[in-house]
Amino acid sequence: MATLLVFHLLGLYPGAFLSHSSTAILNLSQKPVPSSSQLLVLSPFTPKYTIHNSFLNVSTTVTTKGFDARSVKQTIPKGARAYVANVTVNGVPLASRCHLDFYDVFKTGGDVVIEVTADKNAVDNCGASLPESISTGGFAVAR
Ligand SMILES: *[C@@H]1O[C@H](CO)[C@@H](O)[C@H](O)[C@H]1NC(C)=O
Ligand SMILES: *[C@@H]1O[C@H](CO)[C@@H](O)[C@H](O)[C@H]1NC(C)=O
């Protein structure tokens, strides 16, 4: 649960309950439950952070463009930039504002920019790609 809270504060969330990355890091064997290397994108609670993977010697910096401190209030005030508008990885916009893949980001390192907006209605969908789930056809084998 503590791990999930940290992911939530960072604006990312493992796509399946037991993400492949955490099982790999913890050196657990493959579980007979679906797992995914996808991370769900949420509005981050911090303007910028860097995660260094000392095993692979790569760093990933996540920047919240337009970060609005009011977005972390329990009740989000009107006009607060609390909603993810789009996500770029190393300058390339992702098709979806809802998910990215551990293997494209934290494994190789790089820059992730999560741009936020106050216009909730304009971004009330994932864009061109939905995260993997049972209702979108199940989970691909983790890479
Ligand atoms: C890790 O990467 C940095 C920056 O690319 C490099 O300067 C350093 O030598 C690397 N360290 C190891 C242990 O490979
Ligand atoms: C990202 O969203 C912001 C706010 O809606 C917009 O101004 C910007 O043009 C978008 N950028 C991309 C790459 O879609």
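Two salt bridges are present in the structure, a salt bridge being a side-chain nitrogen of Lys or Arg within 4 Å of a carboxyl oxygen of Asp or Glu. The model is predicted, so that local features need pLDDT of at least 70 and side-chain atom pairs count only at pLDDT 80 or more, while totals for chains, interfaces and linings use all residues. Residues are numbered from 1 along each chain as its sequence is written, chains are lettered from A and ligands numbered from 1 in the order in which they are written, and side-chain values use heavy atoms, with hydrogens and water left out.

**Salt bridges**

Side chains of opposite charge can pair when their charged atoms come close. The two pairs are set out below.

| Glu-115 | Lys-65 | 3.9 Å |

Glu-115 and Lys-65 meet through their side chains. Because Glu-115 belongs to strand S8 (residues 110-117) and Lys-65 to strand S4 (residues 58-65), this pair ties together parts that are 50 residues apart in sequence. Strands (E, at least two residues) and helices (H or I, at least four) are DSSP runs, numbered from the N terminus. Glu-115 is partly exposed, at a relative accessible area of 30%, and Lys-65 is likewise partly exposed, at 46%. For these classes, buried means under 20% relative accessible area, exposed over 50%, and partly exposed in between (1.4 Å probe, protein chains only). In the other pair, Asp-68 is buried, with a relative accessible area of 6%, whereas Arg-70 is partly exposed, with 36%.

**Surroundings of ligand 2**

Glu-115 also belongs to the residues around ligand 2, together with Ala-85 and Asn-86; a residue is near a molecule if one of its heavy atoms lies within 4 Å of it. From an oxygen atom of ligand 2, a polar side-chain atom of Asn-86 is 2.3 Å away. A polar contact is a pair of N or O atoms within 3.5 Å; within protein, one must be able to donate a hydrogen and the other to accept it, and residues adjacent in sequence count only if both atoms are side-chain atoms. The protein buries 43% of the 360 Å² that ligand 2 exposes when taken alone. Accessible areas come from the Shrake-Rupley method with a 1.4 Å probe, and for residues only the protein chains shown count as cover.

**Val-84 and Ser-43**

Val-84 is a residue of strand S5 (residues 83-89) and counts as buried, at 9% relative accessibility. Not counting residues up to four places away in sequence, Val-84 touches Val-41, Leu-42, Ser-43, Arg-97, Ile-114, Glu-115, Val-116 and Val-123, where contact means heavy atoms within 4.5 Å. Between the C-alpha atoms of Val-84 and Thr-64, which are 20 residues apart along the chain, the separation is 9.2 Å.

Ser-43 sits in the loop between strand S2 (38-41) and strand S3 (48-53) and is buried, with a relative accessible area of 18%. A polar atom of the Ser-43 side chain lies 3.1 Å from the backbone oxygen of Ala-82. With neighbours within four places in sequence left aside, the contacts of Ser-43 are Gly-11, Ala-82, Tyr-83, Val-84 and Val-116.

The structure contains one disulfide, defined as a pair of cysteine sulfur atoms within 2.5 Å. Cys-98 and Cys-126 form it, with their sulfur atoms 2.0 Å apart. The torsion about their S-S bond is about -100 degrees, so the disulfide is left-handed. Since Cys-98 lies in the loop between strand S6 (92-93) and strand S7 (99-101) and Cys-126 in the segment after S8, the pair ties together parts that are 28 residues apart in sequence. Both Cys-98 and Cys-126 are buried.

Ser-96 is placed in the loop between S6 and S7 and is buried, with a relative accessible area of 3%. A polar atom of the Ser-96 side chain lies 3.2 Å from the backbone oxygen of Cys-126, and one lies 2.8 Å from the backbone oxygen of Ser-129. Leaving aside neighbours within four places in sequence, Ser-96 is in contact with Val-87, Cys-126 and Ser-129.

**The chain as a whole**

The protein chain has two helices and eight strands, in the order α-β-α-β-β-β-β-β-β-β from the N terminus on. Of its 143 residues, 37% count as buried. Among contacts in the protein chain with a separation of 6 or more, 66% come from residues 24 or more positions apart. The protein chain exposes about 8,400 Å², of which carbon and sulfur atoms supply 59%.
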